[in-house]
Amino acid sequence: MASTSTLTTTAGAGGARPRRARWYGGLLGSDVAWGAAFVLPYLAVFVLFVIYPVGYGLWLGADPSSYTKLFADPIYVETLINTVIYLAIGVNVKLFLALLLSGFFMRPGWWVKGLLLVFILPWAVPAIPTFISWHWMLNGQWGLINNAIWNLFQVDGPPWLDTAHYAMGSVIVAYIWKWLPFWTVIFLAGRMAIPKELYEAASVDGATGLRSFAHVTFPLLANLYIVCTLLSTIWTLGDFNTVHFVSGGGPALQTHVLATLGIRNAFELGDPHMGMATVISALPLLIPLVIFLMRKLSTGEVHL
Amino acid sequence: MRSWYRRGLVAAFGFCAAMAFTPPIPAHAAGKTVVIWWNQGFYQAEDQAMKDAVAAWEKATGDKVQLTFTNGSDLPAKVVAAITTGEVPDVIYADVGDFVLIPQNAWNGKLVDVSDVVDTQKSEYNKAALEAGRYYNNVTHKRSYYGVPLKEQALHVEVWKPLVEEAGYKMSDIPKQWDQYFDFFEDVQKKLRAKGKRIYGLGYSLATKDSDSTYLFNQFLVAYGGGGIVTPDGKLHADDPKVREAAIKALTKLTKPYKEGFVPPGAINWGDPDNNNAFYARQIVMTPNATISIAVAQMEKTDQYMHEIVTQQLPLGPDGKPVTSLVAVKQAFIPKGAKNVEGAKDFLKAFIQPKNLDNYLKQARGRWTPVMPSIVKDDPYWLDPKDPHRHVSVSQQVGENVPIMPWFMSFNPAYADVNAEQIWGKAEANVMTGGMTPEKAVDIALTQIKADFAKYPEPTE
């Protein structure tokens, strides 16, 4: 109530903008209570399900001895390298293919639309059963692929999940297969937003085909591409399912990424502190990515 | 009217927000309910037997039980999270509890002493079960019972009789001594391959995940004379030449056939169900497995269960003497912070009465073996010769002069870390795909094991 009288007095004295009014966003009287009533539930949910878990996680990972143990673990270094490879190859190959495929799906014709429908299926089906299917399909002895190779040629097929390089390759291929449709649709939407007049004008100037892509499409999609790359990198950094269900981190713990190693350390080794330390060790990569993404989005450059 | 409406709305929002912050009232607040987290069984009847045991106890005491079954692969994470946050149930039973949950938490003083529960049946338990349930508590600096033994398992060998016969052998041709026994299956593979079959002789689990490969290596270690790697006083004997030699022999015996093509290449990445699946697919002639679950799962297929799948005990050791079986004793425990410790203990005391335990274990179709010799003696079910698998498994683990020993984690929790970190599995991989010699791989493993033991100072009572 005191604040209300102060506001009235100040306003009456000279019309200068009151400090408290600015603090409340210009709301007066019961409007403040209304605002609080609407905000409070969301605030409660945010505190309960965001602030508290994140804070608790940071607290779990705050013990310096966890990092000493983690950095001394030879599997950790291997995992860091795997994570970088997984991000660098998985994200970039996926987005580049998505960009190319989005061009194909811009083509007219009913069969292209039908094909798009089929193409989207891997993304539409639930992730865990599909990755488990990949795991079974790639099994060296009784998997679909190697069984077919044996039946056709009487030779053993490649050890898809039995050597580190093959297993990491299998994980990356499964990851690309799963997420390629989603990003293709994003780029397809981006392409569809480019005005046709621009292509017509370019065509008049002699830019068709690859030159049209280089001088019209790519410059206009460049910002979208960068934002997609950043988003996809952030999401993929936390991707647990692909590695866990396709290779299981094997063979010999050689295909773990930070997300799966964190779970292993927390629950298989029974050390939640080290598990959190593993995940937190990704922050030096994650935070700059998020900041860069925020800056990209706030500058409003993601316009076609 | 409008103002009244606004105030009401604001109050409602406030109430909802307050409710969001209010912790839920636990079901056992009255102290009359026991909250139990139990590993889901392999068979529905196993879970039903547990429900029946709970219902009988509820009826007898008038107390209530809140029973939750959780899949065995999900339960450890749930328990670790519960103990970390302090929101724990009153009783926990997890199949892998003796491997990854009980030893470290007992050491850290996070479990309730259950000596008074175990004492009620102390004369009934076998020696290994009693040794397995005792752990060192580094807070009180003494050993005590922190696990209530319920059942046990040991490594057996499952063999496809038709495949042995297809190779031109009889089951009686299988040698009885360790090295010759396992070498025999390499010959079986050669004969089957000559007939164009894509079959492997040996179904060894050689992975760095789950527990089958851990079980296999450690049983081989014991067979070659390395059972003294950790002694019951909790001391590590990594520098004992006998232990090193046994480890080298075990590692060589397991990895050489892999490199020579007698083990499926995928075995380097097998989880616990994978050797079962390979066996069912008849892609391996034999596989060592810690329970008779492979056979029992085929019980409805009478031909397979009764005539084709053969369960064999471990062969005689390399020295011609019976091999000591490593038995994993499965235990229930009570975490500190449990709201109804008395109720939990009362339930467990009732549950481990031989008759009750017998009823429960029978519903698992003999997959688990009793930890009380009297159960086997008094109930003909366990040694019924009409069943081709159960009596083989039981007589390997229960009876007078049967050589068994508990796992090393009971002596020192550091060995639970050794298993969880898959140190021996990594050693196998170093030899199989890393080009390392068994000697070097063993030395690296023993160095890592010493580092793990250094984290758990020598128990001093």
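How many Å apart do the C-alpha centres of domain 1 and domain 2 of chain B lie? They lie 27 Å apart. Before we go on, a word on the ground rules: this is a predicted model, in which local features need pLDDT of at least 70 and side-chain atom pairs count only at pLDDT 80 or more, while totals for chains, interfaces and linings use all residues. Residues are numbered from 1 along each chain as its sequence is written, and chains are lettered from A and ligands numbered from 1 in the order in which they are written.

Let's stay with those two domains of chain B. Domain 1 covers 33–153 + 328–396, and domain 2 covers 156–326 + 406–454; such bounds come from an automatic or database domain assignment. Where they meet, 27 residues of domain 1 of chain B are in contact with 24 residues of domain 2 of chain B (contact here is C-beta atoms, placed from the backbone, within 7 Å). On the domain 1 side of chain B, helix 4 (97–107) gives the most, with six residues. Helices (H or I, at least four residues) and strands (E, at least two) are DSSP runs, numbered from the N terminus. By class, that side of domain 1 of chain B has 15 nonpolar, six polar and six charged residues. Ala, Val, Leu, Ile, Met, Phe, Trp, Tyr, Cys and Pro count as nonpolar, Asp, Glu, Lys and Arg as charged, and the others, Gly among them, as polar.

Now look for an open sheet in chain B: four strands in the order 8-9-7-10, with mixed pairing. Strands pair if DSSP finds at least two bridges between them. Strand 8 (200–202) and strand 10 (309–312) of chain B are at the edges with a single partner strand each, so one side of each has no neighbour in the sheet. From one strand to the next, the twist averages 25°. Strand 7 (residues 156–160) of chain B runs antiparallel to strand 10 of chain B, over four bridges, and Val157(B) has Gln312(B) as its bridge partner in strand 10 of chain B.

Over in chain A, find helix 13 (residues 258–268) and helix 14 (residues 272–280), whose axes come within 6 Å and cross at roughly 170°. Axes are lines fitted to C-alpha atoms, for helices over the stretch in contact, and angles run from 0 to 180 degrees between N-to-C directions. That makes helix 13 of chain A roughly antiparallel to helix 14 of chain A (the cut-off is over 145 degrees). The contact between helix 13 and helix 14 of chain A has nine nonpolar, four polar and no charged residues.

How values were computed:
Two residues are in contact if their C-beta atoms, placed from the backbone, lie within 7 Å. Angles under 35 degrees count as roughly parallel, over 145 as roughly antiparallel, 65 to 115 as roughly perpendicular and the rest as oblique.
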